[in-house]
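Hi everyone, thanks for coming. Let me walk you through a structure, starting with its domains and then turning to some helix packing.

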Amino acid sequence: MKDVEITLTVNGEKKKVRVSPKESLLHVLRDKLHYISVKANCYRGECGICTVLMNGFPVKSCQVLAVETDDADIVTVEGLSKNGEPSLIQKAFIEKFGFQCGFCTPAFILAGHYIVENMPDATDEEIKEVLNGIVCRCTGYKQIIDAIKLALQWKKEGKS
Amino acid sequence: MSIKRDKAQVLWREYFPDFDYYKPKTVNEALELLNKLKNDHAIVLAGATCLSRNFRARKFEVKHVIDLKGIPELRGIKYAEGEGLRIGPVTTFHEILKSEAIRKKYTALWEAAKQYGDFELKFRATIGGNIAKSSPQNDSSPPLLVHKATLTLASVEGVREVPINEFFTGVTENVLAPNEIITSINVPEPPENSRSGYIKFRRSAEDRAVVGVAALVSNPGDRSKRIIRLAYASIAKTPVYVKEAEEIFRKEGDINSLIDEAINAAYKYVDLPIGHGKRGQDLRASKEYRMHLVRVGTKAILKKLIEGVEVF
């Protein structure tokens, strides 16, 4: 019905978008702002593939109304690298081959980024708990967990 | 960069239905808005984790959505020694997990938040939304039932306080009037020397409970001071508080035989009507399996709280 103009920060850039209440954040990010690393899959909050960081926390963007995100700070995978240099977690995913088909990878990288930034002493169990909402149907979970552990180790050693 | 998409590819499920969105700043503003729109398919939104699914599935008609997340007084956890706990309904499960007071004094609620949904849902899903949805499987109710919580409900006509065991009336049904919202969840100070806990059986990380068991135990060794309370999720039309258990555990006798008696009392409540055929059965479990989980879960949680032995 009534369209609303919202201002949101995506990867550090301020964006003004006209959104309708019937659109989800997923839709706005993918189809209106063209951040296509955010993948659309189940639309039911079950697979976690559409994960983005909203105000620093991982959320499933298919469950977020776009109109709610006025003034929100969104981070997608596009925003992790600085000046073309991949971030720590991205390098670790490459090093440990933490992906197969790549469809779920943006979600896992963002969840991994959350762990690296917020849980420096995460145990295997804690890492698994963070990842438990995201589904990888190639079932490469082992490599993903290894990659996150490597990134944590690098962070401790002061590598950037 | 632009992406061309075939119109046929745009599935209906991508969109929510067409509605107007409101984000009031104060409780009074929200109540007046809700009172005005209550007969025009208005719905109150908190975390949007459940509603977004139902919107897409077109489960009900919706024309107005009133978002409570813009009201600061409905958010937050306040604990005062001796007075008890007050939780704002729009408090997320993540905030509950961060609260040291809840972890120490209201462990059942903390454990329920820990086991609620998956990691990402905890940042969005709210305890008030979980209660107001009134699903029989909701995780926050059994802990609140054993802690004898009350809910403050408000509408333009006034404020009333309802004990949580009188709140639920059926599957996704409760005593909330169309123009009422939950404004506070009040949990009294737990009994002296008490411990509480919650065990949830589920199929996958984001699944609701197949059976959830909450218990509160105080002075188990001393019959005159002993308090043991039991509550269950996902065994009947509503979350269940087994009030017979209170009486049973005051009786004399071996604690293990009293536990068996309490489990038998809980069995009588196993009656889930959303079944395929038989009552007590749903897509998650058969009646027999559900009763088995009631027995295993009750024994496990009481063993943990009485003897300190972790079973799972």
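**Domains and helix pairs**

Between domain 1 of chain A and domain 2 of chain A, about 1000 Å² of area is buried, and carbon and sulfur atoms give 74% of that. Please keep in mind that this is a predicted model.

How many residues of each are in contact? On the domain 1 side of chain A there are 17, and they touch 10 residues of domain 2 of chain A.

Now for the helices of chain A. In general, a packed pair is described by the angle between the two axes and the distance between those axes. Helix α4 of chain A covers residues 124-131 and helix α5 of chain A covers residues 141-157; they pack at an angle of about 120°, with their axes 11 Å apart. That angle makes α4(A) oblique to α5(A), and their crossing is right-handed.

Let's move over to chain B. Here the division is into domain 1 (15-67), domain 2 (72-187) and domain 3 (198-307). Taken over C-alpha atoms, the centres of domain 1 of chain B and domain 3 of chain B are separated by 35 Å.

Chain B has a helix pair for us too. Helix α9 of chain B (residues 255-267) packs with helix α10 of chain B (residues 287-307) at an angle of about 140°, and the axes are 10 Å apart. So α9(B) and α10(B) are oblique to each other, and the crossing of α9(B) and α10(B) is right-handed.

Who takes part in that contact? The α9(B) side supplies Ile255(B), Ile259(B), Asp260(B), Ile263(B), Ala266(B) and Tyr267(B), while α10(B) supplies Met291(B), Val294(B), Arg295(B), Thr298(B), Lys299(B), Leu302(B) and Ile306(B). By class, the contact of α9(B) with α10(B) has nine nonpolar residues, one polar and three charged.

Technical notes:
Residues are numbered from 1 along each chain as its sequence is written. Chains are lettered from A and ligands numbered from 1 in the order in which they are written. This is a predicted model: local features need pLDDT of at least 70, side-chain atom pairs count only at pLDDT 80 or more; totals for chains, interfaces and linings use all residues. Side-chain values use heavy atoms; hydrogens and water are left out. Axes are lines fitted to C-alpha atoms, for helices over the stretch in contact, and angles run from 0 to 180 degrees between N-to-C directions. Helices (H or I, at least four residues) and strands (E, at least two) are DSSP runs, numbered from the N terminus. Angles under 35 degrees count as roughly parallel, over 145 as roughly antiparallel, 65 to 115 as roughly perpendicular and the rest as oblique. A crossing is left-handed if the near helix is turned anticlockwise from the far one by less than a right angle, and right-handed if clockwise. Contact means heavy atoms within 4.5 Å. Buried area is the accessible area (1.4 Å probe) that two parts lose on being put together, summed over both. Domain bounds come from an automatic or database domain assignment. Ala, Val, Leu, Ile, Met, Phe, Trp, Tyr, Cys and Pro count as nonpolar, Asp, Glu, Lys and Arg as charged, and the others, Gly among them, as polar.
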